[in-house]
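Welcome, and thanks for taking a look. Here is a short briefing to read alongside the model; please have the viewer open as you go.

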Amino acid sequence: MRLSTVILPVRRWLDGGRDQWLRAERLGFHTAYTYDHLSWRTFRDGPWYGAVPTLTAAAGATERIRLGTLVTSPNFRHPVTLAKELISLDDVSGGRFTLGIGAGGTGFDATALGQEAWTPRERADRFGEFLPLLDRLLTEPSVTSEGAFYSAVEARNLPGCVQRPRLPFAVAGNGPRGMRLAARYGQAWVTTGDPAIFETGTPEDSREALRGQLARLGKACAEADRDMAELEKILLTGFTPDRDAPMRSLDAFVDFAGRHFELGFTEIAIHAPIPDTDFAADETVFERIATEALGQLSR
C-alpha cells in the first residue's frame, strides 16, 4: 500500500512552492505528483506554472521522494521534445521520476495552440502513436520514425534514462485502447474513477465501476500476455462521488482507502490542500492522513 500526493503548480517557488515539496517528503509520501497542463479549470485565471520546470526544481530540493506527472498528454506535447525533457528530469532527480501519461481531454490545453479540439477517436489515435514512439525515444540511442501524427528523424537521447530500461510509465486510460497501451507499456495504470457517475452516483456505484475497470485491465493484460500483478494500480482521488469526504477526517480516509486497497489498488494519491478551491481541506487532517493512515491500514 502506497500513499502519494498531488501538488498543483499554483504557488511561486520561493513563496510557498518549494516548501510544499519539502513537506511532502518530510511527511513520508511515496510520490509527489503535479498536473501537466497549460492551465486547468477554475485555476485558469490564476497562477499556474509549468510541470517540467517545477518538477526539476523539486528534484533539486528533495532527496528521497519520487516525483511525477498526473498526467502528461499529447494535447500540447511532441514525443521528441518531451523525451529530451524527461531524460533530463530523470537525471536531475537521480532516477526518481515517474511519467503519468494519458490521451488528454477537451480542456484548455486542447485548443491553446490554435487547433480544434480533437474528438475522442482522434485523441485515442494520437495517443496510440505517441506512447510507442516515446517508449522508443527513451530506450534507443537514435530513433527515426514516420507516423500519421508524430515523426522523428535521427532523434538522439544519449545517455538515456538513469532508470533502466527507461523511467516508468503510469498510463491513464479507461477505454479498451488505453488499457491495451497500459498493459503493453505501463509499469502502472492510473484512474480517477468513472466520470459518468461523478454527479449522480454513490460511493458504492463508484467502487463497482472501479471493480469493472480493474477487470477490463486484467483482460487487457491477459491478451498482452502480461501479469496484471506487475502493474501498480493508482487511484487519483477527488473525482469520484465521494468527492472530498475522505479528506474530512483520518477515520474517513482510512475507511475509503481500505475499501479501495481491497479492490486491488496499490497506490492512492490525495491533493495537497488549496484553500477556497475544490481541493480545500484541513491541513492537520492532511498531515495526519500522511503520517498515520497506512499504519492503521496495515494492522
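Which residues are buried in helix H2 (residues 51-61)? They are Ala51, Val52, Thr54, Leu55, Ala58, Ala59 and Ala61. Please keep in mind that this is a predicted model.

**The chain as a whole**

- Eight helices and ten strands make up the secondary structure of the chain. Its radius of gyration is 19 Å, close to the 19 Å that the globule rule gives for 299 residues, so the chain is as compact as a globular protein of that length.
- Along the principal axes, the C-alpha atoms fill a box of roughly 55 × 45 × 40 Å.
- Buried residues account for 52% of the 299 in the chain.
- The accessible surface is about 13,900 Å², and carbon and sulfur atoms contribute 49% of that.
- If you take the contacts between residues at least 6 apart in sequence, 74% of them join residues at least 24 apart.

**Helices H1 and H2**

- The buried residues of H2 pack against helices H1 (13-27) and H3 (79-92), as well as strands S2 (31-34), S3 (66-72) and S4 (97-101).
- In H1, the buried set consists of Gly16, Gly17, Gln20, Trp21, Arg23, Ala24, Glu25 and Leu27.
- Cover for those H1 residues includes strand S1 (2-6), S2, H2, S3 and helix H8 (283-297).
- As a reminder, an α-helix has 3.6 residues a turn, so residues three or four places apart point the same way.

**Salt bridges**

- The structure holds 17 salt bridges.
- One of them joins the side chains of Arg2 and Glu232 at 3.8 Å, N to O. This pair links distant parts of the chain, with Arg2 in strand S1 and Glu232 in strand S9 (residues 232-236), 230 residues apart. Arg2 counts as partly exposed at 30% relative accessibility, and Glu232 is also partly exposed, at 25%.
- Arg77 and Asp36 form another salt bridge, at 2.9 Å, N to O. Here the link runs from the loop between S3 and H3, which holds Arg77, to the loop between S2 and H2, which holds Asp36, 41 residues apart. Arg77 counts as buried at 18% relative accessibility, and Asp36 counts as buried at 2%.
- Arg226 pairs with Glu230, their closest N and O atoms being 2.6 Å apart. Arg226 is buried at 19% relative accessibility, whereas Glu230 is partly exposed at 48%.

**Glu129, a buried charge**

- Glu129 lies in helix H4 (residues 120-139). The residue is buried yet has no salt bridge, and the nearest side chain of opposite charge, that of Arg126, is 7.4 Å away.
- The Glu129 side chain does reach the backbone nitrogen of Ala148, at 3.0 Å.
- Leaving aside residues up to four places away in sequence, Glu129 touches Gly147, Ala148, Phe149 and Tyr150.

**Gly104, in a loop**

- You will find Gly104 in the loop between S4 and H4, partly exposed with a relative accessible area of 34%.
- Not counting residues up to four places away in sequence, Gly104 touches Ser73, Pro74, Asn75 and Arg123.
- The C-alpha atoms of Gly104 and Glu154 are 27 Å apart, and 50 residues separate the two along the chain.

Key:
Residues numbered from 1 in each chain as written. Predicted model: local features only at pLDDT ≥ 70, side-chain atom pairs only at ≥ 80, totals over all residues. Heavy atoms only, no water. Helix = DSSP H or I, 4+ residues; strand = E, 2+ residues; numbered from the N terminus. Buried < 20%, exposed > 50% of the residue type's maximum accessible area, 1.4 Å probe, protein only. Lys, Arg positive; Asp, Glu negative; His and termini not counted. Salt bridge = Lys/Arg side-chain N within 4 Å of Asp/Glu carboxyl O. Polar contact = N/O pair within 3.5 Å; in protein donor to acceptor, adjacent residues only side chain to side chain. Contact = heavy atoms within 4.5 Å. Rg over C-alpha atoms; globule rule 2.2 N^0.38 Å. Areas by Shrake-Rupley, 256 points an atom, 1.4 Å probe, with all protein chains shown as cover.
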